[in-house]
Amino acid sequence: MKLQERTWAEISLGAIEHNYNAIRAAVPAGTRFLGVVKADAYGHGAVEVSRLLERLGADYLAVSCIAEALELRDAGIELPILILGHTPADNVPLLCEYGITQTVTCEAKAKEFSDEAVKCGKTLKVHIALDTGMSRLGFLCEGRHFEEGVKNVISAVNMPNIETEGVFTHFALSDEPGEAAREYTEKQLRLFIDVINSVETESGFRFKIKHAANSGAVLSYPEAALDMVRPGLLLYGYGDGGKLGLKPAMSLITTVSTIKHYDAGVSVSYGGIFKTERRTRMGVIPIGYADGLLRVLSNNFSVYTDRGFAPQRGRICMDMCMVDLTDLPEVNLDSRVEIFGKNAGLEALSQRAGTIPYELMCSISKRVPRVYVD
Ligand SMILES: *Cc1c(COP(=O)(O)O)cnc(C)c1O
């Protein structure tokens, strides 16, 4: 029996397919495509999204940690998977057994991975991460660290039982407007290419896959496509400023569970930050911050009903919040309410919350079932 859900996230696989094709069309033919499906595919469901990407002909997937990679392997996903983040060296036998590619971020990590791989008699496939200005993970190679960076990368690729397939870097400002951001990004890309050229010239080693382009770079820096692009956000329908005609893949939907009438002057929800100013028809919707509706949005956004927008009133509680239906008399019990999606923009909602679409999508909790349409 299917439960009647109180609140759910509708995921359009058709929209993700559309976005995949739009991104493919925007990058040079022959460029490999890595789909970033970390954090449960930005809340969309990593297994379903990965199955779709595999069927569509993507070349690679990327996740953040080994648990996310194993979830995909357990579900039968066969595409190569790159772990972008930290994996304790103890896990090298698992990485090898499941054919998972690990990022190597410094010479010391390379040594740990190599030692473990030698111990278990297997070969670990890796991609080298270069820090060209993100100042997060990766071999330091900027400015006076250039020579040392090149030397350390060469040392890593020559370690036993390490098979280096690729090399990548990550842009810090590729989605920021303005000339300063452009200069910074172009400088990162030049440094990336310079380090690769030096490593290849000095060692004779060749990287098979060089990649750099996150969503911002796919959109604004075509020269950064190199051998493979690495978008996340664009796949889910955001971050293109309308340029690629992407479709939002997720709609967060709830229903009206209760309707009550209050006189003017009634205090609503915790803290009494909202008082009715007139006779008010107030709906309760069963979605709260435990579902991922950020409490910071309290009293500061509107939900979409099929009769129009209704302002949310009072503090958002853990499991529910209130919406003013006074001007929408046709909205009734069980009426469908969209928090964000096709009609209520996620970008505007993120701005009201002082954050970015990424965070709102990733915040939808596991209590909210994902329902796949088309
Ligand atoms: C998350 C991530 C991406 C994808 O970023 P988007 O902005 O969503 O395209 C690409 N590369 C790395 C290293 C990442 O961590």
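In which helix is the place of Asn19? Asn19 sits in helix α1, residues 13-26. Helices here are DSSP runs of H or I with at least four residues, strands are runs of E with at least two, and both are numbered from the N terminus.

Before going on, a word on what you're looking at. This is a predicted model, in which local features need pLDDT of at least 70 and side-chain atom pairs count only at pLDDT 80 or more, while totals for chains, interfaces and linings use all residues. Residues are numbered from 1 along each chain as its sequence is written, and side-chain values use heavy atoms, with hydrogens and water left out.

**The chain overall**

The chain carries 11 helices and 20 strands. Its C-alpha atoms fill a box of roughly 80 × 50 × 40 Å along the principal axes. Of its 374 residues, 53% count as buried. Buried means under 20% relative accessible area, exposed means over 50%, and partly exposed is in between (1.4 Å probe, protein chains only).

**Around the ligand**

| Residue | Atom on the protein side | Distance to an oxygen atom of the ligand |
|---|---|---|
| Lys38 | polar side-chain atom | 2.7 Å |
| Gly232 | backbone N or O atom | 2.8 Å |
| Leu233 | backbone N or O atom | 2.8 Å |

Taken alone, the ligand exposes 390 Å², and the protein buries 92% of that. Those areas come from the Shrake-Rupley method with a 1.4 Å probe.

Most residues other than glycine have a negative phi. Tyr42 belongs to helix α2, residues 38-42, and is buried at 6% relative accessible area. Ser135 also has a positive phi, about 55°, without being a glycine. Ser135 is in the loop between β6 (124-131) and β7 (139-140), and counts as exposed at 60% relative accessibility.

**Asn19 and a few other spots**

Is Asn19 buried or exposed? Asn19 counts as buried because its relative accessibility is 0%. A polar atom of the Asn19 side chain lies 2.8 Å from the backbone nitrogen of Lys247.

Val229 is in strand β10, residues 228-229, and counts as buried at 1% relative accessibility. Val229 and Arg24 are 205 residues apart in sequence, yet their C-alpha atoms are 9.3 Å apart in space.

Asn158 is in the loop between α7 (146-157) and β8 (162-169). With 55% relative accessibility, Asn158 counts as exposed. Asn158 and Tyr98 are 60 residues apart along the chain, and 23 Å separates their C-alpha atoms.

Definitions and conventions: Polar contact = N/O pair within 3.5 Å; in protein donor to acceptor, adjacent residues only side chain to side chain.
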